[in-house]
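Look over the sequence and the structure before reading on.

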Amino acid sequence: MSQLVSTDRAAVVVAGKPVASQFQPVHNPARTDEVVGEVAVGTAAHVERAVAAAADAFPGWSATPATRRAELLLAAADDLADHVDELATLLTREQGKVRWESMIDVGGAAKILRYYTGLADRLAADEVFRRDDRGTVHLGRRPVGVTGIIVPWNSPVYLAFLGLAPALLAGNTVVVKPSEYAPLALGRVLDVLAAHLPPGVVNTVPGGAEAGSALVAHPRVRKVFFTGSTATGQQVMRGAAGNLKNLSLELGGNDPAIVLPSARVDDRLVDELVRAVFTLSGQICFDVKRIYVHRSRYADFVERYLDAVDRIVVGDGLDPASTIGPVNNRPQFERVRDLIERTRAAGATVRTVGRKLDPEGWDRGLFLLPSVVTDVEPGAEIVGCEQFGPVVPVLPYDTDEQVVAYANDTEFGLSASVWGEDREHALSVARRLECGSVFLNVHRLGASDMTMPFGGFKGSGIGRGHGMYSLDACTELQVIADYVDVSGFPGPPPS
Ligand code: NAD
């Protein structure tokens, strides 16, 4: 029997009003018998209503001066900043992540809104692109239209706002589809945001594939910001073909970390690589998913790394003694657990270390202790896939050629890191990697800040987010050519 502790409801909300729907429970992954709240099962009919509301609100919102839109978004940011503490607790209870991670996630709403409002003047007026004897050419940015924002469960609030803030500032109206696995804190944040804006500017349809695919295929939706797995991203691309939607795809990753011969294998390096792999239990798109260590450093690295990983404490994210929390949902838990079992059965050495915070309550949660895999082939499943859980393979290599080939031998291309004291060598390796970001001697949250373009090569996505890159992604460039002299243009002679 599920135990209802305190309920929270993530409803379908259209133009500020809840809409009737079926609901399903949201469980606490640290205690799966505890129901944290309920989430609406959004349908294609809900999407229809939400898109209609967003389309009705579009003429008014897009005609509102960008500076006024920024004022309203700033007021929403101030309001949201007051709720971070309370909502971070809710997020940990539904998502599982430790509390400091939830503070960053929920705190992202106000932070990202404030950042983008600072760019309002870039949208406020058209620029003169060219002025000469032939006339004046103006260049403006216009909103794309109704925008769908589809969000995964790992960092639901932060990732939603990376699309929402630039989309709204640019004059688009939105329909947000939170993940069915982490909808509650985001639902509350969206309610606060929507209350500061005209009705219909922000609408929410929680749910799974039915709501997501209906939003992607809807002919009145002109733009989709999708963040999620590469497999779903491929479906999104197919579904969006009907009206040739403008797409931003932030997809999966299989980030390599490359430890060069010049690396000093000390506590700092080892601790950074623990953070790089195990933050959010390995469930961040740009967590390190595989480590390649130069053979001259390999044995030393593995020994120290195992010691450091062994210090990880796995438990309820609300307990400050936990270093990492549970995996977010049962399908993902079973996927990672089965992958570890297959890796072991295939002959690799899997060392499962770390400490259970609450051994008695262990089986109530979706907990996995951290695992380090050695004696594994470069082509093994655990090396080639996006495991998205607290397990990492560590492999030796001999030459730059070899490790660059290993690193690039994947359909993913999100990020990578290169570790060593020889900066020039690290830079030369970095430039050969097929991915959107390469970090030197670090690889964790904060390494790609809001101003730096972020996105993937190959199967890790299309387009770039953050900064002006996101504003570019949710606006169309419009040229207005005001000619006074067209005599030089080609054409048949006057009759
Ligand atoms: P997912 O692809 O399963 O789901 C993402 C979202 O898409 C959810 O809201 C889901 O309900 C919805 N969805 C499911 N089927 C759909 C369909 N047919 N059409 C439209 N929407 C649909 O991903 P997930 O498991 O929620 O998240 C983990 C994945 O997200 C990982 O692969 C991770 O790397 C990736 N991710 C990428 C980034 C990035 O910035 N590149 C950031 C975070 C997470």
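**Helix pair and main pocket**

Helices α6 and α7 run roughly parallel to each other, because their packing angle of about 25° is under the 35 degrees cut-off for that class. The model is a predicted one.

**Packing of α6 on α7**

- Helix α6 spans residues 156-169, and helix α7 spans residues 184-195.
- Their axes lie 10 Å apart.
- The crossing of α6 and α7 is right-handed.
- From α6, the contact takes in P156, V157, A160, F161, L164 and L168.
- From α7, the partners are A185, L186, V189, L190 and L193.
- The contact of α6 with α7 has 11 nonpolar residues, no polar ones and no charged ones.

**The largest pocket**

- The volume of the largest pocket is about 870 Å³.
- Its lining counts 35 residues.
- W153, F226, G228, S229 and T232 are the lining residues that lie nearest the pocket centre.
- Helix α9 gives the most, with five residues.
- By residue class, the lining of the largest pocket splits into 15 nonpolar, 15 polar and five charged.

**Side by side**

- The α6 and α7 contact holds no polar and no charged residues, whereas the lining of the largest pocket includes 15 polar and five charged ones.

Definitions and conventions: Residues numbered from 1 in each chain as written. Predicted model: local features only at pLDDT ≥ 70, side-chain atom pairs only at ≥ 80, totals over all residues. Heavy atoms only, no water. Axes fitted to C-alpha atoms, helices over the stretch in contact; angles between N-to-C directions. Helix = DSSP H or I, 4+ residues; strand = E, 2+ residues; numbered from the N terminus. Parallel < 35°, antiparallel > 145°, perpendicular 65-115°, else oblique. Left-handed = near helix turned anticlockwise from the far one by under 90°. Contact = heavy atoms within 4.5 Å. Nonpolar A, V, L, I, M, F, W, Y, C, P; charged D, E, K, R; others polar. 1 Å grid on protein atoms, 1.4 Å probe; cavity = no way out; pocket = protein on both sides within 12 Å on 5 of 7 lines; lining within 4 Å. Points joined across faces, edges and corners; volume = space filled by probe spheres on them.
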